[in-house]
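I opened this notebook to record what I looked up in one structure. The entries follow the order in which I consulted it.

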Amino acid sequence: MLRAGEEATAVPSSEHHHSPEWCAWLVEHDQFRFVGEAGHFSARREGRKACGDYWYAYRRRDGILHKAYLGKASDLTLDRLEEAAATLAGRMILDNLSLSPNAAHKTTPENWAVGASFTLRAKFRPPTLPPTLVTRPRLTSHLSTPVTFISAPGGFGKSTMLNAWREESAGMPVAWAALDADDDHLLRFWSTVIMALQAVRPGLGQNLMPFLQRASAITPAEIVTRLTDELACPESDDFCMGLILDDFHHIKRADVHESMQIWLENLPPTLQLVIAGRTRPPLALGRLRAAGLVTELELEDLRFNLSEGIDFLQKHIAGEPLAYGEMETLVQRTGGWAVGLKLAVLALNKQQDRRHIIDTFSGAHIFLREYFMETALSQWPQAVQTFLLETSILKQLTGGLCDAVTGQTDGEHVLARLWQENLFMYRTQDQAWYRYHDLFAEMLCNQLQRQHPEQIAELHRRAAGWYMTQNMAADAVHHYLFIKDWETAAEMIEDVGLRELAETGEDSRLLHWVQQLPEAVVQGHLTLLFVYLRLANLALPPDEVTRFLQRIETNLAAKSAADLTLYEGDVLDQVREIRRRLGNGYAILPFSTGKIPDPRWRLLDALLITEASYQHKTPAVEMSIREIYDQARGEDNLFAILIAGADLGNRAYLRGQLRQCEKIAYQVLQQAVKQAGHLPGPASIALHLLSRVCLARNEVARANQLLEQVQIVDPNPTSSNMPINVFIMHAQLLSAEGRHAEAQEAIQAARSLQALRPSAAWRDQDLAAYEARYCVRRGNRAAAHQLILEAESDGPHAFATLVRAELLLDRQRPNEAEDTLNRFVAQFPAGFANEPSMDARVLLVCALFAQYKMNQARRALVEVVQLAAPEGFIRPFVDFGSPLAPLLSLVAQEQNLSAEAMRFIDEVLRLLGQDAPKTDFLPLNSLESLAMAASITPREHDVLRLVSEGLSNRQIALKLCVSPGTVKTHLANIYSKLDVNSRTQAIAEAQTLKLI
């Protein structure tokens with residue numbers, strides 16, 4: 001029975017179509033009351049902006065108002081109304097529904113019925129978290145927007161990371177659905193979604209489920225509308241929950257994607273949705289991105305960073321732990337890929353020769369090869385497999401290049417498809433170029449070598465030919481070198497070398513090219529020799545350069561004069577002159593650059609002279625560097641900008657001028673991006689400088705991020721200069737976190753690298769001094785002392801001297817530390833070879849304070865605060881300043897400090913107050929006592945000491961070479977400051993204040 005104020009004149013049909021009278025009646029009325037066999041309810045028409053009018057049913061049961069969705073007017077059949085009445089009455093109408101006569105023998109999704117099997121229930125249970133979980137807050141912290149998309153190939157830790165986030169989401173229940181191929185149907189997909197949601201909100205979707213559990217004409221829009229209405233109903237406004245749809249790559253049907261698109265556009269505020277899979281779903285996200293409603297995490301984001309990767313290895317390596325450098329190598333080699341690291345661990349735990357595994361672990365390793373073959377390569381048709389093998393020789397891929405190499409015409413389409421499917425690929429921001437994951441590429445190359453070795457040379461020749469047609473000669477060089485077409489490669493390097501430096505700023509690649517050429521080829525090309533010498537001077541140790549020159553001289557001297565080519569004769573003359581200069585102790589400085597008229601040589605030669613003078617911190621040298629930098633910017637010579645700019649920035653950093661250093665470094669990086677479109681390898685120097693600036697300001701997390709960027713920008717440096725810089729910086733960051741043992745391991749890794757590949761910028765003595773610092777901080781004084789001696793084996797060593805002072809303070813010998821530090825600061829007022837002098841200045845305050853030389857300590861502290869405050873140079877105070885907290889508090893009371901200095905002291909005290917240890921240096925009861933002690937001048941301190949020894953005024957005058965009247969004046973000042981009236985009282989008070 002239906003009523004709308006009065007009895008309805010039309011009734012719905014029990015069939016799917018309506019009578020004209022019923023349809024007309026619904027148009028004219030906004031509500032009615034239905035009484036059926038299963039129960040009763042009140043129905044109302046409600047409008048929705050996007051979708052028109054819909055009808056809803058309401059009934060109060062047990063004091064609670066229940067709501068059910070009826071649908072559009074066209075949906076209001078008698079069966080639908082009876083079904084809604086039963087639902088609102090609390091009856092299980094599902095028990096009375098029957099399938100069509102043929103349904104019993106069908107297993108298609110159209111008539112899929114929900115069961116309660118273990119397999120089904122397992123779909124809604126997230127995977128168990130490993131006991132050795134590597135937490136990833138840098139990722140989970142981003143899961144805060146209404147919608148998150150996560151796409152990456154298998155093995156990047158998507159499910160594990162999401163499960164960890166689910167458990168961390170205190171106060172918000174999170175539903176989980178692990179999708180599979182069976183869910184790739186509209187009705188089954190949404191049934192799975194609702195069942196997952198019911199795990200955290202029982203009863204949700206009960207009005208919608210009947211339409212999903214049988215063949216139904218319900219549209220995607222209707223499904224989404226009904227579910228959204230239930231999620232956003234008034235009684236649940238304060239109820240928020242999350243939903244994770246894992247393995248979404250199994251969903252391929254267009255109608256399911258259509259329904260998801262509608263849902264995303266109308267997602268209720270009570271739901272946070274996360275979609276994860278191996279492929280990128282074909283959903284339009286433009287509006288969500290513009291509104292800031294979506295987070296997207298992809299392969300690059302999900303890779304373990306260095307600290308996460310090392311954490312993983314430390315938790316999984318069995319037996320003796322790996323050295324820090326070995327773990328760093330594995331993280332870099334696997335590209336932070338979780339499964340890659342797991343397979344590396346498996347290989348290491350199975351083999352005794354760990355060093356061999358670390359040195360040879362690549363995509364060709366059997367574990368990785370089998371993984372890629374099973375999970376990636378074998379899933380594709382033979383034509384795609386052939387495409388992958390043939391293009392594996394390419395470092396970067398684009399459609400035209402792939403077509404040239406494979407002989408096909410669909411390269412662009414195949415690349416787009418592979419990228420969409422997340423087949424271990426990266427894509428550039430302009431979306432024109434791709435590259436394979438390093439390990440995947442290594443596996444493909446290995447398979448190409450196994451299956452078609454005879455094709456490899458031709459594939460490289462085709463790639464080189466394509467690059468030449470695109471005027472990209474520099475990219476062709478790699479392929480000519482691979483097939484050992486030395487002369488062609490040498491001619492091209494000569495042609496593009498200077499342009500490569502000036503336009504792209506890349507020196508490592510150019511130097512690496514020349515190093516690959518046989519000496520017999522280099523000696524016939526004067527330009528190549530000049531390129532090598534200038535770059536090697538910046539990157540390689542002198543001994544290596546000397547040996548190279550000696551071999552060339554030997555080769556050429558063995559030829560008769562008639563057999564020497566024109567260029568070979570010039571090369572021989574140059575080599576002999578250079579070797580003569582080196583033998584006399586001069587820098588490498590080739591002559592005859594006039595034979596190569598390119599003006600870009602001028603800047604390169606100027607850089608060579610500058611670097612030869614690098615250790616001389618004179619204003620004249622710095623002025624020369626500034627001139628080179630300004631000229632390079634005027635000529636857009638990117639290599640000279642990068643090197644000279646980094647040099648200027650480093651000099652500013654060593655003087656403690658952090659703001660100036662930061663300004664120059666950012667200027668250099670901006671120019672690199674503007675000119676090259678990306679950061680070339682030498683830009684890592686500026687990034688490293690910024691990392692050091694951040695650490696000096698105690699911005700440890702930011703410093704770590706920048707250090708990671710250093711390794712990304714220059715992943716395969718020709719020189720060991722930057723890798724050792726990275727080791728040292730990483731050690732400093734570890735030490736800043738109190739992890740001194742790991743810091744020492746990082747320095748030991750640097751020393752191992754130095755032994756294998758000597759650096760032009762570092763000596764082992766330098767690294768021994770750094771290792772000594774971390775031994776001091778670990779309390780291993782004997783080892784620290786031995787390492788200091790090792791650092792000083794060739795004579796005085798600035799950093800070793802600084803560490804020696806730190807060790808003296810640790811051994812409670814502050815007077816010796818004071819002498820050492822006074823000499824050090826006087827010798828290096830503006831920093832020394834690798835470090836600023838701020839550490840030494842703060843340590844000097846500590847040494848004075850430890851001897852209760854309060855007046856001197858106070859003045860020294862004020863001076864160092866005034867230097868550090870404008871720059872935010874706070875890290876030395878955090879490292880060494882715990883004992884100085886009372887003195888800092890006293891200085892904070894002074895009225896002549898700037899507001900900037902006062903804020904700086906407040907910040908230092910705040911940081912020290914977090915976990916600053918108690919000090920035994922000066923257990924005073926009040927700042928007044930400290931101020932009294934600090935008011936005694938050094939000369940008054942001398943008078944007090946002699947008074948305590950029992951000397952008369954005349955005797956004191958003789959000792960201090962002053963008049964008795966001056967002594968009397970000093971005593972009067974002492975009595976006034978200590979508020980005493982006699983020698984005896986002065987001695988007693990001075991002893992109380994630890995002045996004597």
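Before turning to helix pairs, I noted the rule for handedness: a crossing is left-handed if the near helix is turned anticlockwise from the far one by less than a right angle, and right-handed if clockwise. I also noted that helices (H or I, at least four residues) and strands (E, at least two) are DSSP runs numbered from the N terminus.

Entry 1: the model. I recorded that this is a predicted model, in which local features need pLDDT of at least 70, side-chain atom pairs count only at pLDDT 80 or more, and totals for chains, interfaces and linings use all residues. Residues are numbered from 1 along each chain as its sequence is written, and side-chain values use heavy atoms, with hydrogens and water left out.

Entry 2: confidence. I looked up pLDDT, the predictor's confidence in each residue, from 0 to 100. The protein chain averages 81, and 86% of the residues score at least 70. Over residues 3–10 the pLDDT is below 50, and this stretch has 18 contacts in the model beyond near neighbours in sequence; contact means heavy atoms within 4.5 Å. Residues 914–927 also have a pLDDT below 50, with 19 contacts beyond near neighbours in sequence.

Entry 3: the whole chain. I found 50 helices and 13 strands in the protein chain. Of its 996 residues, 52% are buried, where buried means under 20% relative accessible area, exposed over 50%, and partly exposed in between (1.4 Å probe, protein chains only). Among contacts between residues at least 6 apart in sequence, 66% join residues at least 24 apart.

Entry 4: α12 and α13. In helix α12 (residues 306–316), I listed L306, E308, G309, I310, F312 and L313 as buried. The buried residues of α12 pack against α4 (137–140), α13, α14 (338–350), α34 (700–713) and α35. I read an angle of about 115° between α12 and α13, with their axes 9 Å apart; axes are lines fitted to C-alpha atoms, for helices over the stretch in contact, and angles run from 0 to 180 degrees between N-to-C directions. The two helices, α12 and α13, are therefore roughly perpendicular to each other. For such labels, angles under 35 degrees count as roughly parallel, over 145 as roughly antiparallel, 65 to 115 as roughly perpendicular and the rest as oblique. The crossing of α12 and α13 is right-handed. L306, G309, I310, L313 and Q314 of α12 make the contact with Y324, M327, E328, L330 and V331 of α13.

Entry 5: α13 and α35. Helix α13 (residues 324–333) packs with helix α35 (residues 721–736) at an angle of about 115°, their axes lying 12 Å apart. I noted a right-handed crossing here too. Y324, G325 and E328 in α13 meet V726, F727 and H730 in α35.

Entry 6: α17. Why did I describe helix α17 as largely enclosed by the rest of the structure? Seven of the 10 residues of α17 (residues 382–391) are buried, so the description holds. I listed the buried residues as V384, Q385, F387, L388, L389, E390 and T391. They pack against α18 (399–406), α19 (411–420), β13 (434–436), α20 (438–451) and α21 (456–469).

Entry 7: Q261. I located Q261 in helix α9 (residues 254–265). Is Q261 buried or exposed? Q261 counts as buried because its relative accessibility is 19%. Leaving aside neighbours within four places in sequence, Q261 is in contact with L283 and A284.
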